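Please keep the structure in view while reading.

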Amino acid sequence: MLQNDNGGGISLIMKEREISLKAIGLEAMLRRLPEHHPRYADIENELRKTRAGENGEKILADVFNKYQFPFEHYIFHDLNMQSTGKFQVDTLFLFQQGAVILEVKNIAGRISFPETQNQLTRTLENGQVDAFECPSVQLERNKMLLEDWFNMHLTPIPIYQAAVFPRPHQQFENLRKDLTLLFPLEIPIFLRRLTSFHSAIDVSELEDIANKIADAHSEFDPFPLSNRFGIQPSELISGVRCAHCGFHGMESIQNGWGCPQCRYVDPHAHIEALLDYFMLLDYRISNKTARQFLRLSDEQKMKRILRRTGIPFEGDRRGRVYISNLELVRKLYAKCRSKVMK
């Protein structure tokens, strides 16, 4: 939770924007999937969309990091909640006038909104035309589910919504009357104008509502990714990957792992391999399954690796199963990052 002094108002970022583990998992899947695999292009496309969404959300988060509002408000990025259904909000802005849902649409090209369909189309410079769901559909769904949540837990409050397109020079055609569309620099102006509306929440109640929303957040878990794309374990390339040359098949040596291709030695290369397994295949892994995936024959060494990695387990001896979760995946990724930076 981050507090900013903004000259009279209280600003709290109740939930910061986090690293997208989904994109990291998709990158791992592309590394372990043969390029000729029939789903390879689909996964590449999913990664492009995920990265584009990340970049748009970063621009949105930067607006709130740079701009100060002279009234009490609370900000939530990457909010995942559940009422009569699960829903995700890029940014939720809470203040005395109510709640504002902001959804980012980082879509390149010339954008058009067909009058008879709940779609938008984009036309690229090469003439390619693609269709997407209209942001108004997602905004209305999220508004409905957030209204349901307020009805279930709190007194109903006004909810406003807008779609944010992060490219200021983007061209639009046939704008819909029921869709508020903003560029990043227009967001503060839009929110300041809403303060002229009647206050729906007392200042004393605002913090309590913000805390209840924060408590209701449940981080989205995209793993294992193989289930989503219908990929079997046998279709993935196993082995410990060399961070230096990218070869899958590092060999167990006395001081860690050695690459037979480039002779690079890495004492901690198994961390990325285990991370890939948890993101792609399963949160549960046995010593035998781990040895198969890492191509390691030494059962005792595998036991030491799993223990030193800090993975919780259940069961004894040959029935022991090591169990990961989203929090451990995040920790393993942090270890991989720190290893690269050293």
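## A hairpin of two strands

Met81 stands opposite Phe87 in strand E4. E4 covers residues 86-95 and is joined by nine bridges to strand E3 (residues 73-82), the two running antiparallel. A hairpin of three residues links E3 to E4. Here two strands count as paired if DSSP finds at least two bridges between them. Strands (E, at least two residues) and helices (H or I, at least four residues) are DSSP runs, numbered from the N terminus. Strands of a sheet pair through backbone hydrogen bonds, either parallel or antiparallel.

E3 is mostly covered, with nine of its ten residues buried. Buried means under 20% relative accessible area, exposed means over 50%, and partly exposed lies in between (1.4 Å probe, protein chains only).

## How the model is read

This is a predicted model, in which local features need pLDDT of at least 70 and side-chain atom pairs count only at pLDDT 80 or more, while totals for chains, interfaces and linings use all residues. Residues are numbered from 1 along each chain as its sequence is written, and side-chain values use heavy atoms, with hydrogens and water left out.

Strand E9 (residues 159-164) is mostly covered, and six of its six residues are buried. Ile159, Gln161 and Ala163 point one way from E9, while Tyr160, Ala162 and Val164 point the other way.

Which strands pair with E9? Strand E5 (residues 98-104) is joined to E9 by six bridges and runs parallel to it. In this pairing, Ala99 stands opposite Ile159. Strand E11 (residues 181-182) also pairs with E9 in the parallel sense, over two bridges. There Val164 has Leu182 of E11 as its bridge partner.

## Two open sheets

Strand E6 (residues 110-112) and strand E7 (residues 119-123) pair in the antiparallel sense over three bridges. Arg110 has Thr123 in E7 as its bridge partner.

Another open sheet is formed by three strands in the order E12-E13-E14, with antiparallel pairing. Its edge strands are E12 (251-253) and E14 (265-266), each pairing on one side only. Strand E13 (residues 256-258) is joined to E14 by two bridges. Trp257 stands opposite Asp266 in E14.

## The nonpolar cores

In soluble globular proteins, nonpolar side chains tend to be buried together. A nonpolar core is a set of buried Ala, Val, Leu, Ile, Met, Phe, Trp, Tyr and Cys residues joined through side-chain atoms within 4.5 Å. The largest nonpolar core in this model has 48 residues, and those with the most contacts inside it are Ile43, Phe223, Trp257, Leu274, Phe278, Leu294 and Val329. Helices H1 (21-32), H2 (40-66), H6 (225-229), H7 (270-280), H8 (287-294), H9 (299-308) and H10 (326-341) are the elements that give two or more residues to this core. H7 gives the most, with eight residues.

Leu294 touches Gly239, Val240, Trp257, His270, Ala273, Leu274 and Met302, not counting residues up to four places away in sequence. Contact here means heavy atoms within 4.5 Å.

## Val203 in helix H5

Is Val203 buried or partly exposed? Val203 is partly exposed, with a relative accessible area of 42%. Its place is in helix H5 (residues 203-216).

Val203 touches Glu72 and Gln96, not counting residues up to four places away in sequence. Val203 and Glu72 are 131 residues apart in sequence and 7.7 Å apart in space, C-alpha to C-alpha.
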